[in-house]
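This briefing goes through one protein model by topic. Please look over the sequence and the structure first.

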Amino acid sequence: MKKILTACASALLILSLSGCISTPPAETGGKPAAETSSKAPAQKEATLTVYKVSPDATHLVPVSVTVAAGNKTPKTAIEKMIATDKKEKYPLLPAGLSVKYVDVKDGAAVIDFSKELEHLEKGSTTEQLFIMLCVNTLTEFPNIKQVSFRMEGKPITHLSGHYDMTVPFKRDESYIQK
């Protein structure tokens, strides 16, 4: 009986040790065994919330857009906001508008737009909607609390003269359509 128990224990030991031997690289396509083991899949996509102008041009409407996980950045959010606006029947933003950079530091974001921003339609409603589109889109990021604007690297003092663009703007949910 002792021999049978010893033989079974030896067999179990051999079987358990055989699982610990690494597979030679030739059998795994040249990769070490650790790289071929099954891991949890990396997140490939992320969702951003950007805003567009409501059809009656009185409010903002949230829009969810999907981006590659590595592109969930404030700059990508503004680029997607611009792209969403371009698809509208009556876009608010001027043709050719692009974002050069979005810099975030200590809860404050600075957006630098291309010179096409000069062609934003003049009017208090357009100016207000533009500001709120940008601010509410960027403040969807938890680390951004306020937003300032630049054009071609220079601070904007005014767009159409209705708002003081030298001060940072904070999120205002009263513009968001419920």
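**T84 and the overall picture**

Beyond its neighbours within four places in sequence, T84 makes contact with V50, K52, V63 and V65. T84 belongs to helix α3, residues 74-86, and is buried, with a relative accessible area of 11%. The model is predicted, and the points below are grouped by topic.

**Fold and surface**

- The protein has four helices and seven strands.
- Read from the N terminus, the order of its elements is α-α-β-β-α-β-β-α-β-β-β.
- The protein has 178 residues, and 34% of them count as buried.
- Among contacts in the protein with a separation of 6 or more, 58% join residues 24 or more positions apart.

**Aromatic pairs**

- Aromatic pairs in the protein number four.
- One of them is the stacked pair of F113 and F149, with 6.5 Å from centre to centre and 15 degrees between the planes.
- This pair links distant parts of the chain, since F113 is in strand β4 (residues 108-113) and F149 in strand β5 (residues 146-151), 36 residues apart.
- F113 and F149 are both buried.
- F130 and F149 form a tilted pair, with centres 5.5 Å apart and 45 degrees between the planes.
- F130 lies in helix α4 (residues 124-138) and F149 in strand β5, so this second pair ties together parts that are 19 residues apart in sequence.
- F130 is buried, as is F149.
- One aromatic cluster is formed by F113, F130, F149 and F169.

**I111 in strand β4**

- I111 is found in strand β4, the strand that also holds F113.
- I111 counts as buried because its relative accessibility is 0%, and the cut-off for buried is under 20%.
- Leaving aside neighbours within four places in sequence, the contacts of I111 include V147, S148, F149 and R150.
- I111 is also in contact with I78, V99, Y101, V102, C134 and L138.
- The C-alpha atoms of I111 and V135 are separated by 9.7 Å, and the two residues are 24 residues apart along the chain.

**Loop residues with positive phi**

- Most residues other than glycine have a negative phi.
- A57 has a positive phi, near 60 degrees, and is a residue other than glycine.
- A57 sits in the loop between β1 (45-53) and β2 (60-68).
- With a relative accessibility of 36%, A57 counts as partly exposed.
- E152, another residue other than glycine, has a positive phi near 55 degrees.
- The loop that holds E152 runs between β5 and β6 (154-155).
- E152 is partly exposed, at a relative accessible area of 39%.

**The loop between α4 and β5**

- N143 is placed in the loop between α4 and β5.
- The relative accessible area of N143 is 44%, so N143 is partly exposed, a class that runs between the cut-offs of 20% and 50%.
- N143 and V104 are 39 residues apart in sequence, and their C-alpha atoms are 8.3 Å apart in space.

**The largest pocket**

- The largest pocket holds about 290 Å³ of space.
- Its lining consists of 14 residues, and those nearest the centre are V53, A57, Y90, P91 and L92.
- A57 in this group is the residue whose phi is near 60 degrees, and it lies in the loop between β1 and β2.
- Helix α4 supplies three residues, the largest share of the lining of the largest pocket.
- By type, the lining of the largest pocket divides into seven nonpolar, three polar and four charged residues.

Definitions and conventions. Residues numbered from 1 in each chain as written. Predicted model: local features only at pLDDT ≥ 70, side-chain atom pairs only at ≥ 80, totals over all residues. Heavy atoms only, no water. Helix = DSSP H or I, 4+ residues; strand = E, 2+ residues; numbered from the N terminus. Buried < 20%, exposed > 50% of the residue type's maximum accessible area, 1.4 Å probe, protein only. Contact = heavy atoms within 4.5 Å. Phe/Tyr/Trp six-rings, centres within 6.5 Å; stacked < 30°, edge-to-face > 60°. 1 Å grid on protein atoms, 1.4 Å probe; cavity = no way out; pocket = protein on both sides within 12 Å on 5 of 7 lines; lining within 4 Å. Points joined across faces, edges and corners; volume = space filled by probe spheres on them. Nonpolar A, V, L, I, M, F, W, Y, C, P; charged D, E, K, R; others polar.
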